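Notebook open, structure about to go up on the screen. I'll jot down what I look up as I go.

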Amino acid sequence: MAEKRERKERRDREQDDREELDERVVDITRVAKVIKGGRRFAFRTVVIVGDNKGRIGIGVGKSRAVPDSIRKGSDRARRRLWKVALSGTTIPHEVFAKHGGAKVLLKPASPGTGVIAAGGVRAVLEAVGVRDVLTKSQGSSNLLNVAMATIEALRSLRSPEELAAMRGKPVDQMRPFWERAARAAAQQGGTTEEAK
């Protein structure tokens with residue numbers, strides 16, 4: 001009896017997880033396997049899953065039918081979710097990554113800039129919750145490799161606290177300049193109010 005209750009609770013939890021995760025199909029490609037009687041066609045889909053709060057996963061599904069391949073990719077992406085270090089609505093520092101022939105550069109941007117990216121890079125960044133970033137994708141335009149390179153870049157990000165500990169500097173020096181300026185303005189506003 002207790003096992004049935006636990007199974008039901010687990011199923012309910014999984015349904016809640018499915019509802020709160022943002023799922024994007026980046027690429028659907030027809031692939032062929034050569035067999036004795038000719039070619040057997042299947043579909044390969046690349047699915048990005050994120051919670052818009054700093055968690056991201058990528059899954060590749062392959063099946064004879066498109067809906068099955070999307071479901072497989074989605075399940076694989078949900079099983080492999082990673083936490084990404086974000087700095088507000090942007091990334092903490094510039095980062096470059098390669099995967100296969102694809103190269104991706106991500107740069108932090110001040111609030112209000114938006115996501116300056118296209119294709120696989122945009123899908124990954126929006127799913128992870130980045131709202132302001134500048135990007136450049138070079139080399140291969142293969143959507144799977146571009147998405148994988150973007151995820152590699154995001155996984156190599158370090159928080160300002162981690163960078164400060166590694167370099168032996170104050171945390172404030174590791175933050176983007178607009179965050180430092182906003183903190184300085186807030187402190188200035190606080191000191192002038194105290195003086196009155």
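I started with the fold: the protein chain has seven helices and eight strands, where helices (H or I, at least four residues) and strands (E, at least two) are DSSP runs numbered from the N terminus. I'm noting that this is a predicted model, where local features need pLDDT of at least 70, side-chain atom pairs count only at pLDDT 80 or more, and totals for chains, interfaces and linings use all residues. Numbering runs from 1 along each chain as its sequence is written, and side-chain values use heavy atoms, with hydrogens and water left out.

Next I checked burial. Of 196 residues, 36% count as buried (under 20% relative accessible area, with exposed over 50% and partly exposed in between; 1.4 Å probe, protein chains only).

Then I looked at contacts, meaning heavy atoms within 4.5 Å. Among those in the chain with a separation of 6 or more, 56% join residues 24 or more positions apart.

On to H4, residues 143-155: I get 18 Å from first C-alpha to last over 13 residues, close to the 18 Å expected at 1.5 Å a residue (1.5 Å times one less than the number of residues). Its buried residues include Leu 144, Val 146, Ile 151 and Leu 154. At the start of H4, a side-chain oxygen of Asn 142 comes within 2.9 Å of the backbone nitrogen of Leu 144.

Last stop was Glu 126, which I found in helix H3 (residues 119-128). Leaving out residues up to four places away in sequence, Glu 126 touches Asp 22, Arg 24, Asn 52, Val 115 and Arg 131.

Notes: Polar contact = N/O pair within 3.5 Å; in protein donor to acceptor, adjacent residues only side chain to side chain.
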